[in-house]
Amino acid sequence: MPSKCVLVIDDEESIQKVVRLSLKLEASWQTITASSGQEGICQAEKHQPDAILLDVMMPAIDGIATFESLHENSQTQSIPVILLTAKTGTSEKRLFQKIGVAGVITKPFNPLTLASQVAKLLGWSI
Amino acid sequence: MSSEPKVLAESRVFEQPFWNTVMEFHPLTASGQTTLPKVLDRMTAHPGAACVLALHCREVVGIATRRDLLQAIAQNSEWFHLQLAQVMTRPVITVPQSDLPTDLPAIPLFLKQFARYQVSHLPVVDERNQLIGLLDETRLLRALPLWCATDGAAKAERSPHSEELRRQHQRAELFAEITLKIRQSLQLKEILQTSVNEVQRLLDADRVLIYQVLPDGTGKPISEAVVAPYQAILGFSFPEEVFPEEYQTLYAQGRVQAITDVHAPDSGLAQCLVEFIEQWGIQSKLIVPIVHPLKPEQSVGNAPLRNHLWGLLIAHQCRGPREWSEFELELMRQLADQISIALSQGQMLEYLEERVRLRTAELTQANRALHREIQDRQQVEAALRQSEEQLRLITNNLPVLIAYVDRQQRYRFNNQTYEHWFGQSPTEIYGQSINAVMGATYYRTIQTYIKTALSGNQVTYESELTLKDGRCHSVSVTYIPHVEATDTAVPQIRGFFALTTDISDRKAIERMKDEFIAVVSHELRTPLTSIHGSLKLMATGRLGHLSTEGQQMLEVADENTDRLVRLVNNVLDLQRIESGEVTMEAQVCDAADLIEQGVEAMRAIAQEHNIELQTQADAISIWADPDYIVQTLTNLIGNAIKFSHPGDVIQLAVRSNFEPILPSHLSDTVLHRHRAVPAMALFCVQDSGQGIPADKLNSVFERFQQVDSSDSRKKGGTGLGLAICRKIVEQHGGQIWAESQLGVGSCFYFTVPLYAAELV
């Protein structure tokens, strides 16, 4: 199975580290990281990752606005986005699904099954 | 007197001029239908009128004196409704004008008519019986001596029978004078004393006394005029023997006894009586009876009055025997008659005064009672006013709206706070409809609550009101029905009381709390995610191996991080539901499918604990938010797993159209709700775990309430799962409860509405 490249956009560096290590240990995927929505969009345009794990609550441009920008950008609109969020309310999950994200993984996530969750949502095999 | 010669020629002067001077030609008159108050008004306007004549076509049909009127008032408490005809005397004794005396000697005889008929006034009528004028006895008596002294006497001087005329004039003058003096007083004692004084003076007697006959036959002198040196008899009681009963009978019939010499053999006196009277030095005596009708109180009902012997008018001559002339006898008789009339009047006055006194006492007592009642009422009214004032003070100073609304939804009471909040005074609001005061838009939002209250059910709701300052305030409103018991079994709802409390501050605090919890919970998650993830990764051992103790500590950290994550998740969930941030989006769902989703979500954990999940679900549709029902089911399944033993089976079921299972700990209210809304689906999650004590069956649904406080540590529970379940179920309009038997297991039930099609 070819290695996947996943862009992690989260303003918390510790989260970035946990995600990167988790995906690496479980699925040997490559990760690139961004600490803000704006940086994430640039990284997505530049590296064209296979998927984006996007935090929702971020300063300046939040996850939803970032997703909308990615979705409207012809260079990034085809990249599947999975929201990685602490907003776990049922109604919020419904909202996220409505806007067209590929899936929602709630924080705190289980690092041992994170890659499996992502693969399941995107139809990948590990 | 009748033996005196009459001189008709000279007496003609007595005709018209005299009567013109003594007759009242315009007496006070009224119709018989005139009410007593009006009669009294007229008498007050004519203070000189001693009586009022009742006329019908100028004929006199009745007469009422002031005394008659006073008597009517004294005897009848409803006197103001009486008419003159009811109190006047009739038939009336009238005198035809043609019968008026035309000679002087006839005057005393004429005057006797007043005594004979017991009247003081005589109307004079013409040949057609129509009223000409009124004669007043007192006025006549006063006018007579004056006439005698002037005109009559002057004419008498010119008469050939001047000596006889002079004597007649003198007698008439004396009689009139004495009679007038007697009648001037209405005081009995004074009347009697005047009588004896005047008679003694007129007759030049040595002793004149009035002897009162008592009912037992004895008697005593009660008034006396005696000249020196003769002994007074006043106060001496006469034994019965000196005045036997046959004497009394004779005197009552009008006997007059004139004894010239008590010692003369023809005196007719018994020797013992002569000896008895000798002690008083009596030589000669003249005795005239005083007879008069019984006192008013002695008469029975309307029986005619009868005469009785009241006493004797006695003249003694002590200086020697005396021949009593016919004139003296007649004079004594007439004076006795006058005394009798005066007595009657005096006694009547006494009687009336007594009645007035009694009536006054009654009225005084009634007035006192009335006064006390008025005072009592005033005290009650004052207490009531004070109570009302206190109530008004309280209601007007409470920072809440208090109102009473009638069945027509019109305000019947508002406290002053309405003015502070809306700028409309209670007076302005009174009688207006809720719709008019609160506005149609707001009214539509509360209409259903008004109907609930008017159907007899108390209701509380929260709403928002815009006050006169333009700011929107959160309020809590309670409607309490005004139920009035009736004779019928069904009570009447008269209206409802409305209590509105401003809860803006509370709402603001709640919002702050919710926001705080949301922020804190979210901000907790971020570091938790990092810690949780790091620990999990370390625990794999792929980042390097730890010592055995290090590995144990890592597992402790990992487990408690999991617990902390669950706690934060549950706190956030509960806060969202309670704050209303979450709305249930009901849709048609397959109940069995939801059970399967719940089972699927928990299967891995169940397997981990070696517990089997079994389902038994009817194919029914419910009207619910599927995500939240699944969340409820997973919470209940998770609890069941925690408290089950390895190898146990957890059973899940759902069925429709259930009859309430009647859990023993549920209140009647809950049961009534079930009966009232039977179209529900019943979910059941049953385990065979340790069970729940009966006293904990309700409290397990409260926040942070667990059967054993160590459960949270041993089982990793947060104490919020069942509280979240309850909130979710209640938001669906359902109920949740538990039944359990210690050591046997527990069964958690909840209900949600069936889809309408299921009800057909």
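This is a predicted model: local features need pLDDT of at least 70, side-chain atom pairs count only at pLDDT 80 or more; totals for chains, interfaces and linings use all residues.
Residues are numbered from 1 along each chain as its sequence is written, chains are lettered from A and ligands numbered from 1 in the order in which they are written, and side-chain values use heavy atoms, with hydrogens and water left out.

**View 1. The five-stranded sheet of chain B.** The strand order is β14-β13-β17-β16-β15 (chain B) in an open sheet with antiparallel pairing. Two strands pair if DSSP finds at least two bridges between them. Strands (E, at least two residues) and helices (H or I, at least four) are DSSP runs, numbered from the N terminus. The edge strands of chain B are β14 (411-414) and β15 (459-466), and each pairs on one side only. On average, neighbouring strands of this sheet are turned by 25° against each other, direction ignored. B:V405 has B:F496 as its bridge partner in β17(B).

**View 2. Helix α16 on the five-stranded sheet.** Helix α16 (residues 440-454) of chain B lies across β13, β15, β16 (472-484) and β17 of chain B. The helix runs at about 155° to β15(B). Axes are lines fitted to C-alpha atoms, for helices over the stretch in contact, and angles run from 0 to 180 degrees between N-to-C directions.

View 3. What span should the 18 residues of helix α19 (residues 591-608) of chain B have? At 1.5 Å a residue, they should span 26 Å. The end C-alpha atoms of α19(B) are 26 Å apart, which agrees. The expected span is 1.5 Å times one less than the number of residues. α19(B) bends by about 50° at B:M602. That bend is the angle between axes fitted to the seven residues ending there and the seven starting there. Just after α19(B), B:N610 takes a positive phi of about 60°.

View 4. The buried residues of α19(B) include B:L594, B:I595, B:G598, B:V599 and B:M602. Buried means under 20% relative accessible area, exposed over 50%, partly exposed in between (1.4 Å probe, protein chains only). An α-helix has 3.6 residues a turn, so residues three or four places apart point the same way. What covers the buried residues of α19(B) includes β18 (587-590), β19 (612-617) and α20 (626-642) of chain B. The axes of α19(B) and α20(B) come within 8 Å and cross at roughly 40°. The contact (heavy atoms within 4.5 Å) includes B:L594, B:G598 and B:M602 of α19(B), and B:I629, B:L633 and B:I637 of α20(B).

**View 5. B:S223 in its strand.** B:S223 lies in strand β9 (residues 219-226) of chain B. Is B:S223 buried or exposed? At 2% relative accessibility, B:S223 counts as buried. Leaving out residues up to four places away in sequence, B:S223 touches B:L192, B:Q193, B:V196, B:V208, B:L209, B:I210 and B:L234.

**View 6. The four-stranded sheet of chain B.** This open sheet has the order β1-β7-β6-β5 (chain B), with mixed pairing. β1 (23-24) and β5 (95-96) of chain B stand at the edges with a single partner strand each, so one side of each is left without a neighbour in the sheet. β5(B) and strand β6 (residues 121-125) of chain B pair in the parallel sense over two bridges. B:P96 stands opposite B:V125 in β6(B). Helix α6 (residues 106-116) of chain B packs on the sheet and touches β5, β6 and β7 (131-136) of chain B. The direction of α6 makes about 115° with that of β6(B).

**View 7. Helix α23 of chain B.** Among the buried residues of helix α23 (residues 721-731) of chain B are B:L722, B:I724, B:C725 and B:I728. The buried residues of α23(B) pack against α18 (548-578), α20, β23 (736-741) and β24 (745-753) of chain B. Just after α23(B), B:G733 takes a positive phi of about 85°.
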